[in-house]
Amino acid sequence: DISSRMVEIDGARYNLAIIRDVTERKRVEAALLQSEEQFRAMFELASIGTAQADTRTGQWSRVNQKMCAITGYTEAELLRKTVPEITHPEDRQKDWEAFQRVVRGETPDYRLEKRYVRKDGSITWVNVNMTVMRDAAGQPARTLATIEDISGRKHAEMERERVTKDMHLLLESTAEGIYGIDTQGACVFINRAAAAMLGCRPEDALGRDMHGLMHHHRPNGSEYPVAECPI
């Protein structure tokens, strides 16, 4: 780095040049530029949603294209919104409280499954991992979050829960005795009708060997009737 200025010495004017070695500064600047470029590439090309937000208001300050695809908004539209605005009303309070705990430094990060309301009004489930980036003084500067679309998994889980509930209601409403066992022969499910036939409560049969319950012998060698089979 060279700088110069005119000086006068003994009535004569000279152009005084000052040379500073800025090799180290340039090296650091180049490293920072490379680091920023790498971060930008990772941010934009990530296969999951990535976003930054203001720690005070929750307004989005930076989003990648995957985040736009998840929410249905363009980048410009998202940058005019806040985290709570696109969060499902039922999840909003819990999410904002977790958000603030991280900002205050009470927890290093948070992981939360919640729902976004997309631009078209449809609901999408996401898994959010958020942390806070702080300045040199340790003050919160902005949040950094990764957002994974888990709608497929959540819908499959809800469908399994629905089917399980329907099956349970069906099995409990029938007069026929029905039970299920694992590979070791232990009871894993038994409806009230089957338990009544065994003379026990359903919870008393769970985990028990069904073969032993069904074929318990009296001391003289004869079998108990199924309805009298003791637990």
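The largest cavity of this predicted model is lined by 13 residues, and those nearest its centre are Trp60, Val83, Tyr110, Val128 and Ala145. Strands β3 (49-53), β5, β6 and β7 each give two or more residues to this lining. The space inside amounts to about 70 Å³, and the structure holds 1 cavity of 30 Å³ or more.

Trp60 also belongs to the largest nonpolar core, which has 24 residues; together with Tyr116 and Ile147, Trp60 touches the most other members. At least two residues of this core come from each of β3, β4 (60-63), α2 (65-71), α4, α5, β5, β6 and β7. Leaving aside residues up to four places away in sequence, Ile147 touches Ile48, Gly49, Ala51, Met67, Ile70, Tyr116, Val126, Asn127 and Val128. Another core, of 9 residues, lies apart from the largest one and includes Cys187, Ala194, Ala195 and Ala205.

Which residues of α5 are buried? They are Asp91, Asp95, Ala98, Phe99, Gln100, Val102 and Val103. In an α-helix there are 3.6 residues a turn, so residues three or four places apart point the same way. The buried residues of α5 pack against α4 (83-86), β5 (109-117), β6 (123-134) and β7 (140-149). Just after the helix, Gly105 takes a positive phi of about 85°.

Technical notes. Residues are numbered from 1 along each chain as its sequence is written. This is a predicted model: local features need pLDDT of at least 70, side-chain atom pairs count only at pLDDT 80 or more; totals for chains, interfaces and linings use all residues. Side-chain values use heavy atoms; hydrogens and water are left out. Buried means under 20% relative accessible area, exposed over 50%, partly exposed in between (1.4 Å probe, protein chains only). Helices (H or I, at least four residues) and strands (E, at least two) are DSSP runs, numbered from the N terminus. Contact means heavy atoms within 4.5 Å. On a 1 Å grid over the protein atoms alone, a cavity is a set of points where a 1.4 Å probe fits but cannot get out, and a pocket is an open set with protein on both sides within 12 Å along at least five of seven lines; lining residues have an atom within 4 Å of a point. Grid points are joined across faces, edges and corners, and a volume is the space filled by probe spheres set on the points. A nonpolar core is a set of buried Ala, Val, Leu, Ile, Met, Phe, Trp, Tyr and Cys residues joined through side-chain atoms within 4.5 Å.
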